[in-house]
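Visitor: I would like a close look at one part of this model. Please take me through the place where the two chains meet.

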Protein chains: 2
Amino acid sequence: MTKNTRMTKQKQVILDVLRSTKSHPTADWIYEQARKQLPNLSLGTVYRNLGVLKDMGELLELNYGSTYSRFDGNPVNHYHFVCLNCHKVLDIEMDVEERLNNKVEEVMGCHVKHHRLEVYGTCPQCLCKN
Amino acid sequence: MTKNTRMTKQKQVILDVLRSTKSHPTADWIYEQARKQLPNLSLGTVYRNLGVLKDMGELLELNYGSTYSRFDGNPVNHYHFVCLNCHKVLDIEMDVEERLNNKVEEVMGCHVKHHRLEVYGTCPQCLCKN
DNA sequence: TTAGATGCAAAGGGTTTGCAACGTC
DNA sequence: GACGTTGCAAACCCTTTGCATCTAA
């Protein structure tokens, strides 16, 4: 089992790849990018490190209806827009409404850690094409 | 391919099972329940019909970090609370904030269809246990 | 009668894992 | 040197699909 106490080339490169993009890549895309620097990298290692980095809070795992996950190198909570036409995932430049947490705590009688908002629709690019 | 023009025993039972619960069951749970009435039902048929019913807007497909989907027989948009401890999914009895849609349309310049809110934390039951 | 739906089982496809070799501390 | 990590490939597991059979209309 992974204890995650050592910094390896692989972990470093994977994190670099993730930090270097504002997109929300799949594990496979990260794998392909990282292989440019580490040709012998294996997909299993990518998944293992993405899991570790996720536990560390260094990234977010998203899964918007697809069968596969997307990863977001921006661990600060923010909202996402998913285009129903081209399936792109975009960040929404909008403040997170922290008071939603309090509201839910009141209604549910629970303890809230965070929330996730996903907005679905048609992105500007796809709107132009129609 | 499924054209979904006929009402079959299978489709009826699957929809009944889904409507009869307020939980957010997996395809497999639905399958097990429906088999009590239709012992020869196959899992493939469950998936096919869930897909059809989803396209018809009769249910919502949710996937909250798990590798498998959960289905919600309440097609009216509502919010969900996910317990990080016991992984239960609960409905949040709270009005949907439609104005969020407008706000996002302004910020993004896109067309918004709907949004999904998931709140993560510890549910009342799990809070008591600690 | 006939096209759509089912049951079965095999295929798909993203993700996980066992194990020997490797590399960090 | 010890033990966490990797590469490889096989295993996993939920979901989809091809096809012969069945059935709702």
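How many salt bridges does the rule find across the interface of chain B and chain A?

Guide: The rule finds four salt bridges across the interface of chain B and chain A. A salt bridge here is a side-chain nitrogen of Lys or Arg within 4 Å of a carboxyl oxygen of Asp or Glu. One of them joins B:E97 to A:K103, with the closest N and O atoms 3.8 Å apart. This is a predicted model: local features need pLDDT of at least 70, side-chain atom pairs count only at pLDDT 80 or more, and totals for chains, interfaces and linings use all residues. Residues are numbered from 1 along each chain as its sequence is written, chains are lettered from A in the order in which they are written, and side-chain values use heavy atoms, without hydrogens and water.

Now the whole interface. In chain B, 34 residues are in contact (heavy atoms within 4.5 Å) with 34 residues of chain A. The size of an interface is often given as the accessible area lost when the parts come together. Here the two chains bury about 3,000 Å² between them, counted with a 1.4 Å probe and summed over both. Carbon and sulfur atoms hold 64% of that area.

Strand 5 deserves a look. Strands are DSSP runs of E, at least two residues, numbered from the N terminus. Strand 5 of chain A (residues 111–122) runs antiparallel to strand 5 of chain B, and 11 bridges join them. Two strands pair if DSSP finds at least two bridges between them. In this pairing, A:H114 has B:Y120 as its bridge partner.

Definitions and conventions. Helices (H or I, at least four residues) and strands (E, at least two) are DSSP runs, numbered from the N terminus.
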